[in-house]
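Work through the exercises below with the sequence and the model open. Each task is followed by its solution in steps.

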Amino acid sequence: MEDREVIRDNQHGFTKGKSCLTSLVAFYDGMTRSVDKRRAMNVIYPDFCKAFDMVRHNRFDGWTVWWKRNWLDCLIQKVVVNSSMSRWRSVTNGVPKGSLLGPIVFNIFINDLESGIECTLNKFADKACTRLSGLDAIQRDLDKLKKWAHVNLMRFIRAKCKVLHLGRSNPWYQYRLEDEGIESCPTEKDLRVRWGKKSLDVSHKCALAVLKANCILDCIMH
C-alpha cells in the first residue's frame with residue numbers, strides 16, 4: 001500500500017504517520033491563510049452514516065479483489081431474537097469491526113471520493129470537510145459528493161452536515177446536499193477542536209491542552 005502510494009495524502013485517518021493532529025494542522029493552515037488574505041471562505045462538514053457497515057464488497061476490482069478475497073468472501077450471519085432465529089445469509093456489505101484490515105479496506109473504498117473535486121478536501125476516516133474561497137465551486141463539489149454517495153450506496157447524516165462561513169465579505173451562500181439546505185452554524189467541533197468565526201486563535205486551546213497534560217503528570221508523580 002505504501003510503495004504504490006494507493007491512499008491519497010488528504011486521508012489522515014488510519015494512515016501511517018498521520019493522525020488527528022496532522023488533519024487539524026492541515027485544516028488550520030489552509031483556513032487561516034485564506035482569512036489572513038481577507039478572502040471569504042466556507043467550510044462544509046459532511047459525515048457518512050454507518051460508513052464502515054456500508055462498504056460494498058463488489059465495489060473493489062483488480063488486484064484488491066485478490067488481496068481481500070480470503071478475508072471478506074464467504075462471510076455469513078444470522079439474527080437471533082429471543083427464541084426465534086433467522087436463516088444464514090451472505091454478508092455483502094461492511095468490514096469486520098475491530099479488525100486490522102477493516103480501516104485499510106475502508107480507506108481504499110473511499111479513496112476516489114475527491115475525483116473531480118475542485119475544493120480542498122480533508123478526510124479523517126469517514127468524516128470530511130471541504131473548504132474554498134469560491135462559492136459556486138463548493139456547490140458543484142457537493143453535487144459530485146452526492147453522486148458518489150448514490151453510486152456507492154452511501155448516505156450522509158443530514159443532522160451532522162454543517163457549513164461554517166468565514167470572512168467579513170462572506171455572502172453566506174445557502175448550500176444544498178441531497179436536495180436539502182445545509183444548516184449554517186457560528187462554530188463547529190472538528191476532531192474535538194471547536195472552530196468558529198471568532199475562534200481562530202488557538203492559544204486558549206493550547207493552554208487547555210497544557211493544563212490537562214500537567215494534571216496527568218501530577219497524577220503520575222504522586
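Helices (H or I, at least four residues) and strands (E, at least two) are DSSP runs, numbered from the N terminus. The model is predicted: local features need pLDDT of at least 70, side-chain atom pairs count only at pLDDT 80 or more, and totals for chains, interfaces and linings use all residues. Residues are numbered from 1 along each chain as its sequence is written, and side-chain values use heavy atoms, with hydrogens and water left out.

**Exercise 1. Surface patch**

Task: Find the nonpolar patch that contains Ile216 and state its accessible area.

Solution. 
Step 1. Classify its exposure, where buried means under 20% relative accessible area, exposed over 50%, and partly exposed in between (1.4 Å probe, protein chains only). With a relative accessible area of 47%, Ile216 is partly exposed.
Step 2. Apply the patch rule: members have over 30% relative accessible area and no salt bridge; like charges are joined within 9 Å, and nonpolar side chains (Val, Leu, Ile, Met, Phe, Trp, Tyr) within 5 Å.
Step 3. The patch consists of Ile216, Leu217, Ile220 and Met221, and together they have about 460 Å² of accessible area, by the Shrake-Rupley method with a 1.4 Å probe and only the protein chains shown as cover.

**Exercise 2. Salt bridges**

Task: List the partners and N to O distance for Glu118, Lys144 and Lys162, then identify the network.

Solution. 
Step 1. The criterion is a side-chain nitrogen of Lys or Arg within 4 Å of a carboxyl oxygen of Asp or Glu. The count by this rule is five salt bridges.
Step 2. Glu118 pairs with Arg140, with the closest N and O atoms 2.8 Å apart. This pair links distant parts of the chain, 22 residues apart: Glu118 is in the loop between helix 3 and strand 6 (120-124), and Arg140 is in helix 4. Glu118 is partly exposed at 40% relative accessibility, as is Arg140 at 39%.
Step 3. Lys144 pairs with Asp141 at 3.9 Å between the closest N and O atoms. Both lie in helix 4, three residues apart, about one turn of the helix. Lys144 is partly exposed at 34%, whereas Asp141 is buried at 1%.
Step 4. Lys162 meets Glu183 at 2.6 Å, N to O. Lys162 is in strand 8 and Glu183 in strand 11 (residues 183-184), 21 residues apart. Lys162 is buried, with a relative accessible area of 15%, and Glu183 is partly exposed at 47%.
Step 5. Shared partners join Glu118, Arg140, Asp141 and Lys144 into one network.

**Exercise 3. Cavity**

Task: Give the volume and lining of the largest cavity.

Solution. 
Step 1. On a 1 Å grid over the protein atoms alone, a cavity is a set of points where a 1.4 Å probe fits but cannot get out, and lining residues have an atom within 4 Å of a point. Points are joined across faces, edges and corners, and a volume is the space filled by probe spheres set on them.
Step 2. The structure holds one cavity of 30 Å³ or more, and the largest cavity has about 30 Å³ of space.
Step 3. Its lining is Pro46, Phe48, Leu113, Ala128, Leu145 and Phe156.

Terms used. 1 Å grid on protein atoms, 1.4 Å probe; cavity = no way out; pocket = protein on both sides within 12 Å on 5 of 7 lines; lining within 4 Å.
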